[in-house]
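I opened my notebook to look at one protein chain. I wanted to see how its pieces pack together.

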Amino acid sequence: MFTVYRTLLILMHFFCDIFTAVYNCCMFLHRKCTDIWYGDNLRTEVERLVRVTSKTKKLPRHIMIIFGAKEDTILDCVQIIGWCITLGIPYITFCDISGFLVRNESFLKYEISKRRPDVLEYISWSKPNSAVIQNGVNGSKPKTRISLLSTSNGKEEIVSLTKKLAEAVVTGTIKSEEIDTELLNEKLNSLGVPDPDMGLIYGHVFSTYGVMPWQTRVTEFFTLPLYVTLSAKDFTHLLEQYSKYEQRHGK
């Protein structure tokens with residue numbers, strides 16, 4: 001009986017892999033045909049973004065992009081940052097489980113300055129334990145606040161905070177009864193940004209890759225295949241889908 005179940009499981013995985021491969025090929029061909037057919041209708045990315053802004057009922061305030069197993073993410077980040085600033089989205093978070101973006105933050109900034117120098121004055125780079133910038137505004141100009149996260153900002157952050165609080169209780173710096181929900185929220189949300197309301201996941205599986213679940217409790221997630229290089233058309237299509245969702249916040 002075990003052999004039968006094992007064989008059935010292997011066959012199920014095999015057919016699922018075939019279905020995924022066929023689906024990805026169809027999506028790839030569809031993207032190519034759509035680009036050829038509609039390529040001349042919209043002359044610039046800005047025109048496309050302005051059009052979707054005028055049609056959609058709502059736009060997200062905070063977009064989170066989770067790079068699962070996707071590599072070479074710098075140019076994706078540059079494009080998404082430019083689009084979000086054009087649309088006036090005040091918060092962007094990039095989550096990279098490998099830590100590539102955190103290690104190469106200076107290279108990301110260089111690519112932005114080279115490819116999109118027009119958006120530099122509208123960017124505010126978020127740092128852990130930095131002061132909160134209300135509604136993405138810093139000074140007289142509206143800013144889009146960009147955060148770069150890795151696995152150290154997920155489970156590792158919880159473990160580290162637990163150790164620090166335990167040491168503080170032992171040394172008498174803090175009393176155990178003073179550790180409550182408000183304190184934990186304050187310590188864990190060290191970047192001081194609102195919870196994301198839209199998430200894009202690059203990966204083979206629908207996984208948040210270690211992002212803390214209570215920070216994504218109202219997030220609408222969309223998945224993207226690893227081979228996809230996000231275009232302005234794809235991005236506006238996702239925003240249109242997001243605008244149609246009703247966020248009921250558990251009601």
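**Entry 1: overview.** I noted that this is a predicted model. I looked up the secondary structure and found eight helices and eight strands. Next I checked burial. Of the 251 residues in the protein, 38% are buried. Then I turned to contacts between residues at least 6 apart in sequence. Of these, 69% join residues at least 24 apart.

**Entry 2: the main core.** Which residues have the most contacts inside the largest nonpolar core? I found I65, F94, L200, L230 and F235. This core has 34 residues. The strands are β1 (62-67), β2 (91-96), β6 (144-149), β7 (198-202) and β8 (220-224). The helices are α3 (74-87), α5 (105-115) and α8. The largest share, nine residues, comes from α3.

I then picked L200 and left aside its neighbours within four places in sequence. L200 is in contact with M64, I65, I66, F222, L224, L230, F235 and L238. I also found a second, separate core of seven residues. Its members include C95, L149, V211 and F221.

**Entry 3: helix α3.** I asked how many residues of α3 are buried. The count is 11 of 14, so I wrote that α3 is mostly covered. The buried residues are I74, D76, C77, V78, I80, I81, G82, W83, C84, I85 and L87. Just after α3, G88 takes a positive phi of about 80 degrees.

**Entry 4: helix α8.** I ran the length check again. The 13 residues of α8 should span 18 Å at 1.5 Å a residue. Its end C-alpha atoms are 19 Å apart, which agrees. The buried residues in α8 are A232, D234, F235, T236, L238, L239, Y242 and S243. F235 had already come up among the residues with the most contacts inside the largest core.

**Entry 5: α2 against α8.** How do the axes of α2 (residues 45-55) and α8 (residues 232-244) cross? They come within 10 Å and cross at roughly 5 degrees. Angles under 35 degrees count as roughly parallel, so α2 is roughly parallel to α8. From α2, the contact is made by E45, R48, L49 and V52. From α8, it is made by A232, K233, F235, T236 and E240. By class, the contact has four nonpolar, one polar and four charged residues.

Conventions: Residues are numbered from 1 along each chain as its sequence is written. This is a predicted model: local features need pLDDT of at least 70, side-chain atom pairs count only at pLDDT 80 or more; totals for chains, interfaces and linings use all residues. Side-chain values use heavy atoms; hydrogens and water are left out. Axes are lines fitted to C-alpha atoms, for helices over the stretch in contact, and angles run from 0 to 180 degrees between N-to-C directions. Helices (H or I, at least four residues) and strands (E, at least two) are DSSP runs, numbered from the N terminus. Angles under 35 degrees count as roughly parallel, over 145 as roughly antiparallel, 65 to 115 as roughly perpendicular and the rest as oblique. Contact means heavy atoms within 4.5 Å. Ala, Val, Leu, Ile, Met, Phe, Trp, Tyr, Cys and Pro count as nonpolar, Asp, Glu, Lys and Arg as charged, and the others, Gly among them, as polar. The expected span of a helix is 1.5 Å times one less than its number of residues. Buried means under 20% relative accessible area, exposed over 50%, partly exposed in between (1.4 Å probe, protein chains only). A nonpolar core is a set of buried Ala, Val, Leu, Ile, Met, Phe, Trp, Tyr and Cys residues joined through side-chain atoms within 4.5 Å.
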